[in-house]
Amino acid sequence: MSRIAARFAALKAEGRGALVTFLTGFDPDRATSLRILQGLPGAGADVIEIGVPFTDPMADGPSIQKAGQRGLRAGATVPGILDLVRELRATEKDTPVVLMGYYNPMLAYGVARFCADAAAAGVDGLIVVDVPPEEADEIEPDARAHGLDLIRLIAPTTDEARLPRVLGATTGFIYYVSITGITGTRSADYASLAPAIAALKRHTDLPVAIGFGIRSPEQAAIAASVADGAVVGTALVDTLAATLDAEGRATADTAPKVLAQVRGLSQAIRAAKKAAA
Amino acid sequence: MNKPLPNSLRQGPDARGRFGEFGGRFVAETLMPLILEVEKAYEAAKTDAAFQAEWRRLLTHYVGRPSPLWFAERLTAHLRKNAAPGMGAKVYFKRDELNHTGAHKINAVLGQILLAKKMGKTRIIAETGAGQHGVATATACALMDLPCIVYMGATDVERQQPNVFRMKLLGAEVRPVTSGAATLKDAMNEGLRDWVANVHDTYYCIGTVAGPHPYPQMVRDFQSVIGEEAREQMLAAEGRLPDALIAAVGGGSNAMGLFFPFLDDKDVQMFGVEAAGRGLDTHEHAAALSRGRPGVLHGNRTYLLQDGDGQITEAHSISAGLDYPGVGPEHSWLHEIGRVQYVGATDDEALAAFQLCSRQEGIIPALEPAHALAHVIKMAPTLPQDRILLMNLCGRGDKDIFTVARHLGETI
């Protein structure tokens with residue numbers, strides 16, 4: 001069983017949803033980024049998503065755009081991110097790691113080589129934002145060959161007719177986008193989440209994590225109980241950004257504050273009773 | 001229209017939106033259903049006689065088509081002065097700078113805004129570099145009573161003030177984009193972000209033959225009116241087809257519009273002129289085909305300016321309209337199969353051509369076609385006098401006089 005499947009199965013047995021955290025690799029520098037990543041499991045993150053910086057992140061809002069720019073300034077490259085995962089894996093054996101990014105840097109590295117090296121480094125899944133099911137054959141064979149899950153986004157715009165196609169091209173878990181929009185710019189409408197997730201569950205047995213627009217522990221707890229997990233990204237990136245000095249460098253507060261926020265989110269999720277399964 | 005031959009170069013794209021390996025639909029899932037909706041609507045519009053008739057009516061009575069084919073006699077004579085005896089090809093201009101709004105952009109914009117209306121969309125967004133596409137979109141939206149938001153890199157807002165003001169006069173909202181290098185690619189990112197957030201009521205009017213399928217095909221089809229007219233006009237004027245077509249290539253919409261109807265005419269050579277900026281061997285140019293390599297950006301696989309790690313690098317050109325690190329996917333394909341030759345013209349060569357055209361022909365060209373003209377200036381003297389060159393004069397230079405004045409050290 002993959003780390004992702006094992007983790008969601010274990011949490012289901014525990015009766016709670018997963019906290020999926022997103023942070024951009026090398027934000028604001030490699031050492032701080034590694035320190036935060038290494039601290040995430042202890043702070044309560046159940047799945048770690050790492051953003052691979054790209055110059056043109058079309059689906060991201062201003063916070064994650066800036067995180068990517070900081071990462072690139074700090075020297076983030078595809079090999080650099082894989083190396084970061086390798087170092088994280090040296091001490092963290094069980095928590096699933098998912099890389100989220102855009103296709104061009106992976107393409108430049110070579111898709112087959114990327115999938116092989118990512119799997120070897122300890123990556124469990126990929127979210128390639130700009131490769132929809134229509135273009136899946138670009139990356140699916142190599143991802144499959146190396147045991148990498150291809151996690152896909154389901155958007156509110158994904159209609160019933162299209163749903164089977166997207167689900168059919170997804171493994172690991174479903175990333176349900178709770179808003180129409182780019183990351184971090186709107187808050188999810190929780191009243192509409194439960195029926196949407198219920199509709200989705202009629203079509204799939206895969207775990208569903210809700211993301212885009214979850215900021216507070218309360219929102220995370222609701223999302224993690226309505227579905228199988230909550231993804232928090234922009235809120236963490238904003239906290240990180242607020243600790244940086246005027247030149248955008250890490251301070252003594254950077255890692256502790258991000259990890260403290262993760263602890264708060266995790267406690268709220270653990271405290272929440274899971275909705276009748 | 002002729003039916004495409006089995007070996008025709010005019011059959012692309014395939015069902016996946018590919019021209020060879022280029023093109024496709026590389027967008028986030030949030031956009032995918034909408035891309036499919038646009039494709040479906042466009043496929044229906046192609047065979048909708050009422051839609052086509054309305055578009056043609058607007059082209060005739062609002063845009064002023066057909067645009068003239070002009071024999072640039074003085075320029076031809078001027079270029080023959082320094083040529084060997086018997087040399088110096090005839091130079092013709094396809095005068096799309098005479099269109100309403102001053103460039104070819106309006107051809108595809110009117111088609112797209114009609115399509116948006118047909119789709120029931122009530123809000124239009126666009127990106128713009130030089131401002132020509134933004135002005136054209138703002139114009140069509142004023143005509144058809146639709147709110148219009150134009151994303152424009154802050155750097156371009158600065159260097160294209162006249163067009164920014166034009167868009168405002170036309171009732172559009174211009175939103176300066178400060179991310180990245182604050183030029184055309186960043187404006188396109190912002191346009192895509194807006195669209196993702198407002199899919200229910202918004203149509204994204206893309207200005208060039210790039211973006212996810214069906215945009216490269218759709219914009220090309222609308223712009224092909226340029227080449228269709230030019231073909232007929234040349235046959236009427238000279239009784240034969242031209243020997244070579246020359247057009248500037250940024251994203252490549254004016255070039256595709258001119259080239260497409262001639263692609264199966266094997267004796268017609270084609271030259272796409274990319275912005276070589278400060279030189280193709282410097283880092284400051286916008287020559288995606290000459291100096292880039294294939295990658296994926298803005299929804300399609302195409303040649304891109306990028307570093308070894310797949311990060312997109314900044315383009316440079318004196319012309320805001322060519323300042324883009326990618327190029328339409330059909331151009332990438334035509335480049336790889338060798339049907340079109342892609343060459344470069346530097347900032348300085350374009351500036352010289354800009355001035356020469358103004359004095360020899362009494363036509364102030366935009367800086368974009370000035371790049372095409374720079375290649376004509378190199379090419380014409382090397383060819384016999386009975387050869388015919390047809391260049392797409394795709395925009396007028398009113399918007400560029402401030403930029404040019406600054407480069408010439410003059411204050412206006």
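**Note on a predicted two-chain model**

1. B:Pro214 occupies the loop that runs between strand S8 (202–205) and helix H9 (215–223) of chain B. Helices (H or I, at least four residues) and strands (E, at least two) are DSSP runs, numbered from the N terminus. The peptide bond leading from B:His213 into B:Pro214 is cis, with omega near 15°. In this predicted model, local features need pLDDT of at least 70 and side-chain atom pairs count only at pLDDT 80 or more, whereas totals for chains, interfaces and linings use all residues. Residues are numbered from 1 along each chain as its sequence is written, chains are lettered from A and ligands numbered from 1 in the order in which they are written, and side-chain values use heavy atoms, with hydrogens and water left out.

2. A cis peptide bond also occurs in chain A, from A:Asp27 to A:Pro28, with omega near -5°. A:Pro28 belongs to the loop between strand S1 (18–24) and helix H2 (30–43) of chain A. The loop between S1 and H2 of chain A also holds A:Phe26, whose phi is near 70°, a positive value in a residue other than glycine. A:Phe26 is buried, because its relative accessible area is 6%; buried means under 20% relative accessible area, exposed over 50%, and partly exposed in between (1.4 Å probe, protein chains only). Most residues other than glycine have a negative phi, and most peptide bonds are trans.

3. Chain B has a residue other than glycine with positive phi in B:Thr101, where phi is near 80°. B:Thr101 sits in the loop between S4 and H4 of chain B and is buried, with a relative accessible area of 16%. The loop between strand S4 (90–94) and H4 of chain B also contains B:His104, which is buried at a relative accessible area of 5%. A polar atom of the B:His104 side chain lies 3.4 Å from the backbone nitrogen of B:Asn254. Residues up to four places away in sequence aside, B:His104 touches B:Asp96, B:Asn99, B:Gln223, B:Ile226, B:Ser253, B:Asn254 and B:Cys394, contact being heavy atoms within 4.5 Å.

4. B:Lys105 lies in helix H4 (residues 105–118) of chain B. An unreviewed UniProt entry annotates B:Lys105 as "modified residue: N6-(pyridoxal phosphate)lysine". UniProt positions are given in the numbering used here, feature names are shortened, and annotations may be inferred rather than shown by experiment. B:Lys105 counts as buried because its relative accessibility is 16%. Its contacts, leaving aside neighbours within four places in sequence, are B:Gln132, B:His133, B:Ala136, B:Gly207, B:Thr208, B:Gln223 and B:Ser253.

5. An unreviewed UniProt entry places the annotation "active site" on A:Glu49 and A:Asp60. A:Glu49 is part of strand S2 (residues 47–51) of chain A and counts as buried at 0% relative accessibility. A:Asp60 lies in the loop between S2 and helix H3 (62–73) of chain A and is buried, with a relative accessible area of 9%.

6. A:Glu87, in helix H4 (residues 78–91) of chain A, counts as partly exposed because its relative accessibility is 35%. A:Glu87 touches A:Arg30, A:Leu34 and A:Gln38, not counting residues up to four places away in sequence. A:Glu87 and A:Gln38 are 49 residues apart in sequence, with a C-alpha to C-alpha separation of 9.0 Å.

7. The contact between the chains takes 37 residues from chain B and 40 residues from chain A. The area buried between them is about 2,900 Å², of which carbon and sulfur atoms give 50%; buried area is the accessible area (1.4 Å probe) that two parts lose on being put together, summed over both. On the chain B side, B:Glu29, B:Arg193 and B:Asp309 lose the most area to chain A, together 23% of what that side buries.

8. Between chain B and chain A there are 7 salt bridges, each being a side-chain nitrogen of Lys or Arg within 4 Å of a carboxyl oxygen of Asp or Glu. B:Arg16 forms a salt bridge with A:Asp137, in which the closest N and O atoms are 2.9 Å apart. The largest share of the side of chain B that touches chain A, 8 residues, comes from H8(B).

Methods
Polar contact = N/O pair within 3.5 Å; in protein donor to acceptor, adjacent residues only side chain to side chain.
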